Amino acid sequence: MKKSQTRLAALGAAAAIVLGTGAGAASAGSAEMPSGEALFNGAVMLGCQNIDESMLPMCGDFEVLSTHDPAVLTINPFTTDIVILGAGLTPEGDIQPVLEERLRAGLRLANAYPTARVIVTGGAPQNGRTEAQAMGDWLRGAGVAPDRITEEGASGSTVQNAQFTDQIFRDRGTTGAVVVTNDFHLERAVLNFRQAVDGRIPITGVVARG
């Protein structure tokens with residue numbers, strides 16, 4: 001067995017122990033105590049941070065991505081970024097239900113962790129408005145402070161979401177990121193972000209549901 005396979009298997013075993021015990025403690029000022037599931041995913045996330053890129057798809061087989069608050073955000077809500085992925089707008093430039101689900105999930109995290117920064121990512125303009133602009137407007141209208149929101153409006157795919165957002169991570173010293181998108185999209189999106197950051201920071205995800 002290769003070294004990276006051994007490491008990932010060991011982390012999976014350790015995470016399973018954590019999941020069984022539900023052990024752990026939240027830091028001062030965090031929104032909630034990390035759940036056993038969040039700690040499990042946190043252990044797998046760390047195990048997936050520095051392995052061969054060819055092994056990264058296996059991480060999705062270990063993780064149990066859900067709507068729960070990720071441990072990385074609970075423990076460090078200051079330099080962990082919330083990243084909400086865009087989805088197609090209507091021809092009029094309005095937000096469709098699938099994107100509103102993502103925004104509502106991101107808003108819940110933003111409200112629970114008011115020191116966390118929020119990145120909205122997506123180009124594909126409709127009626128002169130990018131996905132990122134529409135998402136930023138929606139969040140500001142929901143009460144998120146404008147200085148917390150960064151709009152990345154040049155990307156045209158999930159791979160580009162990850163690549164262009166990684167430059168924002170680098171520019172401001174992000175230490176971890178939580179990707180928010182729908183359940184059918186999340187595993188692939190987290191993989192793309194892990195590939196983009198190349199092990200520099202931990203990446204996990206949160207499922208958006210209606």
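Analyst: Asn182 stands opposite Ala208 in E5, where two strands count as paired if DSSP finds at least two bridges between them, and helices (H or I, at least four residues) and strands (E, at least two) are DSSP runs, numbered from the N terminus. This is a predicted model, in which local features need pLDDT of at least 70 and side-chain atom pairs count only at pLDDT 80 or more, while totals for chains, interfaces and linings use all residues. Residues are numbered from 1 along each chain as its sequence is written, and side-chain values use heavy atoms, with hydrogens and water left out.

User: How many bridges join E4 to E5?

Analyst: Strand E4, residues 176-182, is joined to E5 by six bridges, and the two run parallel.

User: And in what order do the strands form the sheet?

Analyst: The sheet is open and has five strands in the order E3-E2-E1-E4-E5, with parallel pairing. Strand E3 (149-152) and strand E5 (203-208) each have a single partner strand, so one side of each is left without a neighbour in the sheet. On average, neighbouring strands are turned by 25° against each other, direction ignored; axes here are lines fitted to C-alpha atoms, for helices over the stretch in contact, and angles run from 0 to 180 degrees between N-to-C directions.

User: Which strands does H5 touch?

Analyst: Helix H5 (residues 97-112) packs on the sheet and touches strand E1 (80-85), strand E2 (118-121), E4 and E5, its direction making about 145° with that of E4; contact means heavy atoms within 4.5 Å. Helix H6 (residues 131-141) lies across E1, E2 and E3, and runs at about 165° to E3.

User: Switching topic, which residues form a disulfide?

Analyst: Cys48 and Cys59 do, with their sulfur atoms 2.0 Å apart, a disulfide being a pair of cysteine sulfur atoms within 2.5 Å. The link of Cys48 and Cys59 is left-handed, with -120° about the S-S bond. Cys48 sits in the loop between H2 and helix H3 (56-62), whereas Cys59 is in helix H3, 11 residues apart.

User: What is the count by that rule?

Analyst: The count comes to one disulfide.
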